[in-house]
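Open the model in your viewer and keep the selection tool ready. The tour moves one stop at a time.

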Amino acid sequence: MTHLEITQDEPAEATDGVWLTCIECGEHFPPFEGIRYTCDECGGLLEVRYADLPTFEDFGDDESAFHGGVWRYSDALPFDEGVSLPEGNTPLHDVPRLEDEIGVERLRVKHEGMNPTGSFKDRGMTVGVRVAQEIGVDRLACASTGNTSAALSAYGSRAGLEVLVLLPAGKVAAGKIAQASLHGARILEVDGNFDRCLDIVKDLADRGEAYLLNSLNPFRLEGQKTIALEIMEQFRAEEGQFPDRIVLPVGNAGNTAALYKAFRELETTGAIDENQIPKITGVQAAGSAPLVEAIEEGWDHIERWDDVETKATAIRIGNPVNAPKALPGVRETGGTAVAVSDEEITDAQRSLAEEGVGVEPASAASIAGLRTLRAEGVVGDDEQVVCLTTGHLLKDPDAAAEAGTDPEPVPADTDDVLEHLRS
Ligand code: F0G
């Protein structure tokens, strides 16, 4: 596994043992001086590096207020604390009926919808906003399919900073817009899809108009890395081993990249062996599946899809900007990527709901993808699997209502209600 190496030789550019490295050309940059999201030399994606990386034993004995959830892992983050609501520490549900039906040895669901604004984005924002404070910026911005904007609005607002969000008009679920609105963001509805929104917000950031907090920002991924650390610790504590596979929905591929980075770091410190790294398995909606295409075709890059469509609007993305980090993550861990239909996503959403786990459509893609891969025999019946559900059911009330049962109007009278129930 060539990509797993993380060098810890501290370059002159480091501040307190933290620096940025280009994943393409290896150039180093200072972490908080000047604002850059990609490499000055070659335009490659940047990654945060540390002179000292922790092992599992280093986490968690600190009793301070900041050391629950994400900040419990501060030894693996650029700061010890940040604007916290607090985030992380999400449940790892049992789903016995799904486990039986799909037919794997063990299936657990890590429900990231239980974060403060209802999605995993909170983990990235608590770190991203802390870095913005360090750099000293006034205005934060993101393009979003909804959840990033909700998280940025809450954390930015809490930090007393101005927030600007660009959303694809008509393609963002109601709960997410309501959140961005009430948390006080300035919301621009763009006549174009998410990828166009991101193009524009990148231009604004390059022109110095705002600090970009999409997952192109390497510090966001540091916060999201803690999902992997939490899964590894929880799963081992409760199941006596690490999971064989983690299945997750893919949009911009930031989370995929973040998981992979966490595993590379754990392997670098010797906290886990190479063969203990879970297989990273990405799921996309069939109507927006450029990463699946790249994996199936064996490409080392993705080809942008200009026309994308899916009911799972959170992952309605045709140009996953983190693909250069995510593709090696899927490949080097022995994982794969699979596309699922909107119908399969809705079925999976219902199945999770039957187990009491309420998720938005994009999140259910992980279960739908596992179902497909198990049916194809790609996933074995002896595997211990964690599916990541990334956002809460209430994020997209319209999709939930459509997938669920309809309310039945009845007269305001007990006998009439009984008669209705018997009919
Ligand atoms: N699941 C949900 C619920 C999401 O909101 C997203 C991304 C993903 C999965 C995919 O994660 O981009 O790291 O591959 N939502 C972004 C947003 C794009 O703007 O909220 P990814």
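Helices (H or I, at least four residues) and strands (E, at least two) are DSSP runs, numbered from the N terminus. This is a predicted model, in which local features need pLDDT of at least 70 and side-chain atom pairs count only at pLDDT 80 or more, while totals for chains, interfaces and linings use all residues. Residues are numbered from 1 along each chain as its sequence is written, and side-chain values use heavy atoms, with hydrogens and water left out.

**Stop one: two backbone details.** Select L85 and P86. The peptide bond between them is cis, with omega near -15°. P86 belongs to the loop between strand 3 (46-50) and strand 4 (92-94). Now go to D16, in the segment before strand 1 (18-22). D16 is not a glycine, yet its phi is positive, about 50°.

**Stop two: the ligand shell.** Select the ligand. Which residues are the closest to the ligand? They are S144, G251, N252, A253 and T390, among 21 that surround it (a heavy atom within 4 Å). Color the shell by class: 8 residues are nonpolar, 11 polar and 2 charged. Here Gly counts as polar. Next, show helix 3 (147-158) and helix 7 (254-268); each supplies at least two shell residues. Domain 2 (92-118 + 221-403) and domain 3 (121-218) each give the shell at least three residues. Those bounds come from an automatic or database domain assignment.

**Stop three: polar contacts** (N or O atoms within 3.5 Å). Zoom in on the oxygen atoms of the ligand. One is 2.8 Å from a side-chain N or O atom of N147. A polar backbone atom of T148 is 2.8 Å from a ligand oxygen. For G251, a polar backbone atom is 2.7 Å from a ligand oxygen. Taken alone, the ligand exposes 480 Å², and the protein buries 99% of that (Shrake-Rupley method, 1.4 Å probe).

Key: Polar contact = N/O pair within 3.5 Å; in protein donor to acceptor, adjacent residues only side chain to side chain.
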